[in-house]
Amino acid sequence: MLARVRTFAIDGVQPRQVLVEVDIRSGLPSFTIVGLGDTSVRESRDRIRAAILNSGFEFPATRITANLAPAFLRKAGPGFDAALALAVLAASGQVPSPALGAYAVFGELSLGGELRDSPGALAVAEGARRAGCARLIVPRQRAREAALVADLEIVGVGDLRAAAEVVTGADPPPLPDPPSGTAPRPALPDLADVRGHAAPLLALQIAAAGGHNLLMEGAPGTGKTMLARRLPSILPELSRAEAIEVTRIHSVAGINAERLIVARPFRAPHHTISPSGLAGGGAPPRPGEATLAHHGVLFLDELSEFQRPSLDALRQPLEDGSVTIVRGQRSLRFPTRFMLVAATNPCPCGYAGVEERCICGEADLRRHHRRLSGPLLDRMDLVIDVQRPTAEELQAAPAMSSARARAVVAEARERQRRRLEGTGASANGDMSVRTVHRQVRLDHDAELELGRAYAAGLLSARGRHRVLRVARTIADLGHRDRVSRADVLAALSLRQRSSAEAAMIP
Amino acid sequence: MNRPGACDACLARAWLLSRLAGHLDVVRDRTLPLLALSDTALIAAVGGARRSDLHRELAAFDPGGARAQCAAAGLEQICRCRASYPVSLAGLDAPPAVLHVAGGLERFLGLVGDCAVAVVGARRPSPYGKEVARSVARGLAAAGVTVLSGMAMGIDAAAHRGAMDAGAPTVAVLAGAAELPYPAGARALHAGIRGLGAVVSELPPGTRTRRWMFPARNRLIAALGVMTVVVEARPGSGALLTARCAAELGRRLGAVPGRITSPLARGPHQLLREGALLIDGCGDVFDGLFGPGASARPERALPALSAPLQALLDALAEGHGTAAALVRAGLDADRGLAALASLELAGRIRREPGGRYAVLP
């Protein structure tokens, strides 16, 4: 007899439908799985046999052939166990075969027959809805996560027997908890803890409002990391679509909470990270930190300590907003639209410019700047120096709370969204050169000032565009429709000094 | 003799110094008096066990080969026997036998024969020192005075750059061979100086720099300049040695004052105490060269700044960090960043690595 059931493989972070077919025929007892499965799929034969027997069913002592279609797609992981087991039961007449057709099944089995927690349930649920399945059976621990997808009935079961009973016609068990829509905003570090740092705080707000990449330079202990960790607290919340996307990515990576993620991700990988750890890769390919930071912030602390290959691996993600990984005959796309925030010392010892404290020779400085320069620096819209606050500033009241800054940032984003509708950019930081020319209007004085800076050789052509983007964001924060002279000047002082200038260290 | 640059005896002497470079490095603290010895005495003093070999090698020296080597490296030579040899070097105990010049012998002789001022100082200066050196050199060069220095990083390099800012030639005296940039990172600077001015050395082409060569080079800088200006020097540094040499040769000395808390100011302040001329702009150098009032001191007519900009500039000039200066000038972040950019655009400040702003003199 033949039985069919649908399940889903996770290809990168996307679900791909897989049809499980089981054929039972008289002959010498055997159990074969075909369809390009990896080792864990071949091992699932033994898990399935034990799980079926331990759940009180019969394991047919005949010739069993299972196929995972499409046959060209390489299938990895134990997520097909439950689907295979139910198909075996259907093919041997222990559950009704036609009823099983309405279900998609996802989950790993233990030898005792329990459905084990498996990552990626949200991606599978999205795939099931898209494929038009009515019901999805998932491990009970993942039910709430899968239920984030609307228009799909989620059956969260604890073991194979419960799954078989539901297919046979029993009432599905209620979801573990009524899924409260969103995770509460975790207690993030707040800007109210910051004293002094007036200019860096402004730069953080500009970066958050315009989605600009930000580089912070400063001596050790001045507060670069402290400031960067407060950036998520002023970022606007994720939209529903973004939230689902982020939750799916995190679910596939196996790090999801069970509820919808609404706070923008903040990823701070250590500087020893490998290129594939940062951009994604491995076998099977897994999302890297750049993808986990999708719609959020990727923070690279001690930028100059990262290996060059790792930083080079960020080139494509920064350029295209996605990374393509080719393995064998397959290529996978991981989304990587993140805001890059980096911190670095101004020189290897950290005290460049502080008279008498800097112990770096010229060669050290050159090496340091060579490591920093290149593709990453090219994408930095904002460069801000973080310096030790003065004693008076430490005594003063905090300048700003995160709640207030968040409101200001959200308003500026809203202005941008309205203006940039239909241009493909969602924030000033994403504007293409063409969009910059069309959308950024300067008043007369601003035009003059920018012209002067350009004529004086303070800006490259690319640097000019960066300044225009940032000036547009500063104007948005100040509710101005036209960019004023003060906006251009502030953007100029936050600009990156060209590599020619950086090379003039001696 | 196809190129009447240097005589055979002098070329042999230059070769010998290069050959003995390793031997001399062993006694590097007492090298200067040794340079005055005759060839034989010098071999006897530092030759050690290889004396007879050295004598044999010296006797077999091939001046034609040395000339060809120079030509291949693009250098010209002049020896102390020639009439056009710089007179300023004649006062030395041991004037160099041969000067190897990259960038043109005629040009070099013209530049140092006229009126050359040495600007020297620390290798790791403060941003302030660098800016002062650059601006003084620019002023001197613009007035037609040749700026002379040693191409070391820090003040020396800033002085050369200042002169080149003004589009004027400048002279670098190197410790090792003239065609080899030292420090190696100064390749671009070396090419620039060579193209516009001249690079000189006492040692023949191919000689690698050794430590004893620095004091030897410093004596040449001191002698070639009619005045030596020291910008920032730590006690016991090479720049002070140059100043001492210059004083012994009867050259004028100038020193740029600094902050008394900075070790970089100790050298110049010591010189000031001993009677060096206080330099707070290139006008003082002209006064020192040609007598008080020599320069009309055309005060740069800087455009007046608005009150907050002036307050910010003053705070930066007093040495406060950027954040502290903004607080002092009473500017919030928004206006403060704009004010910094305005000052930068007006050419009043420059951003240093590390985020400090140096006030331009």
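**Domain arrangement and sheet architecture of the predicted model**

The C-alpha centres of domain 1 and domain 2 of chain A lie 44 Å apart. The structure is a predicted model, in which local features need pLDDT of at least 70 and side-chain atom pairs count only at pLDDT 80 or more, whereas totals for chains, interfaces and linings use all residues. Residues are numbered from 1 along each chain as its sequence is written, and chains are lettered from A and ligands numbered from 1 in the order in which they are written.

Domain 1 of chain A covers residues 2-168 and domain 2 of chain A covers residues 191-502, with bounds from an automatic or database domain assignment. To their contact, domain 1 of chain A contributes 15 residues and domain 2 of chain A 18 residues; two residues are in contact if their C-beta atoms, placed from the backbone, lie within 7 Å. On the side of domain 1 of chain A that touches domain 2 of chain A, at least two residues each come from strand 1 (2-11), helix 4 (121-131) and helix 5 (143-146) of chain A. Helices (H or I, at least four residues) and strands (E, at least two) are DSSP runs, numbered from the N terminus. Helix 4 of chain A gives the most to this side, with 4 residues.

Chain A contains 22 helices and 16 strands, and its C-alpha trace spans about 85 × 45 × 45 Å along the principal axes. Of its 506 residues, 49% count as buried; a residue is buried if 20 or more other C-beta atoms lie within 10 Å of its own, exposed if 12 or fewer, and partly exposed in between, with C-beta atoms placed from the backbone. Strand 9 (residues 153-157) of chain A has 4 of its 5 residues buried and is therefore largely enclosed by the rest of the structure. Strand 9 of chain A runs parallel to strand 8 (residues 135-139) of chain A, joined by 5 bridges, and Val157(A) stands opposite Pro139(A).

In chain B, an open sheet of 9 strands with mixed pairing has the order 1-2-6-5-4-3-7-8-9. Strand 1 (75-79) and strand 9 (277-278) of chain B stand at the edges, each with a single partner strand, so one side of each lacks a neighbour in the sheet. Strands pair if DSSP finds at least two bridges between them. Strand 4 (residues 146-149) and strand 5 (residues 170-173) of chain B pair in the parallel sense over 3 bridges, with Val147(B) opposite Thr170(B).
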